[in-house]
Amino acid sequence: MLRTIRGFKDILPAEIHLWQHIEETARKIFESYGFSEIRIPIVERTDLFRRSIGEVTDIVEKEMYTFSDRHGESITLRPEGTASVVRAYIEHKLYGGPISKLYYMGPMFRYERPQKGRYRQFYQIGAEVLGEESPRLDAEILEMLMRFFSHLKLAGTTLQINSLGCRICRPGYKDELKRYLGGKRGVLCEDCLKRVEINPLRVLDCKSRGCTEATSGAPSILEHLCDECRGHFHAVLDCLQTAGVHAVTNKRMVRGLDYYTKTTFEVTAEGIGAQNTIAAGGRYDMLVRDLGGPDTPCFGFAIGMERMGLLLKEATELKKPLVFVAVFGGDDVHAAGMDVIDRLREHGVAVERDYERKGIKPQLKRANRLGARYVLILGTDELAAGTIAVKDMEAGTQEVVSLEGIEATVVKKIRT
Ligand code: HAM
């Protein structure tokens, strides 16, 4: 049997209503904060990700789907969306106007070891703000994210926050961390032995036992922030408190991508296993300039859709109620039946029908199998009387109503 590739999966109709509900909630909330959607390509030049995510990161070193195209150019399936948004921002000179608030949704690709909540193709909903440096912005976007979770009635989330400093204060911290890790070489994993020299912060993120033990007493970045970064971090914490958003400082959190400066954060959730980070992001004030654009402070995040799906699995029935129109009789009855179906669909009602002009019994059976909430029954007698029968499949009751205005009658029933 042909199957999907390891780490890839189908999102089947049974799950799709939940996905659409999550996406619609994101659109509604993000747009109320002034965001617009951007659609970015799924494939980009490999260089874009190398230069933005960083050469010495798991994503770039081990996880990218990189190929040569037919002209020998190295291209990569996007492992994340921020790099592409920044590329688009520079390419289309979006910096000409006021601040840009952009969101995106779609698949990302990372060659990771698949497990519950971790896939090789996974979907993100991301949001990026380009052109604002105020800590108030960081806090507002975090508030927006937490509002999104609360609209989805998600409980048990924790917002963890840290600051990674800037190009002024981070080098000093890196040197101190390097010195500290120098004394722990005996227990570090092979990858981290290499990382100590080039990118020691990555060692704090390593999940191997020796490295976790070695870094448990490591110096903290928060004690090495310059005045500007410390001020920014405390202002974000203050604004969050004022907004009633609870945040826990996690001074060991370094994130797996190199472009971050100042604020970084992760949101974790309970009850979905080891892969429990449902959203993450932070500030990246140098990335636009590093990729050839003007100085532009930025802040953003991405939410993991599959992990949201795991959390909300038990969510209430989100599928649109289905109406089945059962028609039996001559051509004139079928023509009238089609007219009813058209009118209902014009009013946004989900309608199913029979295609084979079967008798009433098999039609009712089909309606039942499809899970119809209501069945409208139109036969020769009903048409002659200008009526139609409405069967409530849940209550098991039936009433006869006027054929005229049936669409309004059905819409009212569905809404109540
Ligand atoms: P990230 O932490 O790599 O950040 O990914 C964000 C979220 O995507 C994770 O918290 C997780 O929920 C989900 N995710 C990541 N990898 C997988 C996977 N293999 N399977 C399932 N879900 C996954 C970024 O991607 C940054 N671009 C976020 C950002 C935006 N920072 C600033 N702006």
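How far is an oxygen atom of the ligand from an N or O atom in the side chain of Gln-124? The distance is 3.1 Å.

This is a predicted model, in which local features need pLDDT of at least 70, side-chain atom pairs count only at pLDDT 80 or more, and totals for chains, interfaces and linings use all residues. Residues are numbered from 1 along each chain as its sequence is written, and side-chain values use heavy atoms, with hydrogens and water left out.

View 1. A polar contact is a pair of N or O atoms within 3.5 Å. Tyr-259 places a polar side-chain atom 3.0 Å from a ligand nitrogen. Phe-301 uses its backbone: a polar atom there is 3.3 Å from a nitrogen atom of the ligand. On its own, the ligand has 660 Å² of accessible area (Shrake-Rupley method, 1.4 Å probe). The protein covers 96% of that area.

**View 2. The shell around the ligand.** The ligand is surrounded by 26 residues, each with a heavy atom within 4 Å of it. Glu-80, Glu-112, Glu-128, Tyr-260 and Thr-277 are the closest. Strands here are DSSP runs of E, at least two residues long; helices are runs of H or I, at least four. Strands E6 (121-130), E10 (277-283) and E11 (298-304) each supply at least two shell residues. E10 gives the largest share, six residues. By type, the shell holds 11 nonpolar, eight polar and seven charged residues. Nonpolar means Ala, Val, Leu, Ile, Met, Phe, Trp, Tyr, Cys or Pro; charged means Asp, Glu, Lys or Arg; the others, Gly among them, are polar.

View 3. A salt bridge puts a side-chain nitrogen of Lys or Arg within 4 Å of a carboxyl oxygen of Asp or Glu. The count is 31. In one of them, Lys-62 and Asp-191 bring their closest N and O atoms to 2.8 Å. Lys-62 lies in H3 (residues 58-63) and Asp-191 in H7 (residues 190-198), so the pair ties together parts 129 residues apart in sequence. Lys-62 is partly exposed at 43% relative accessible area; the term covers values between buried (under 20%) and exposed (over 50%), with a 1.4 Å probe and protein chains only.

View 4. Glu-213 and Arg-209 pair with their closest N and O atoms 3.7 Å apart. They sit four residues apart in H9 (residues 209-214), about one helical turn.

Definitions and conventions:
Polar contact = N/O pair within 3.5 Å; in protein donor to acceptor, adjacent residues only side chain to side chain.
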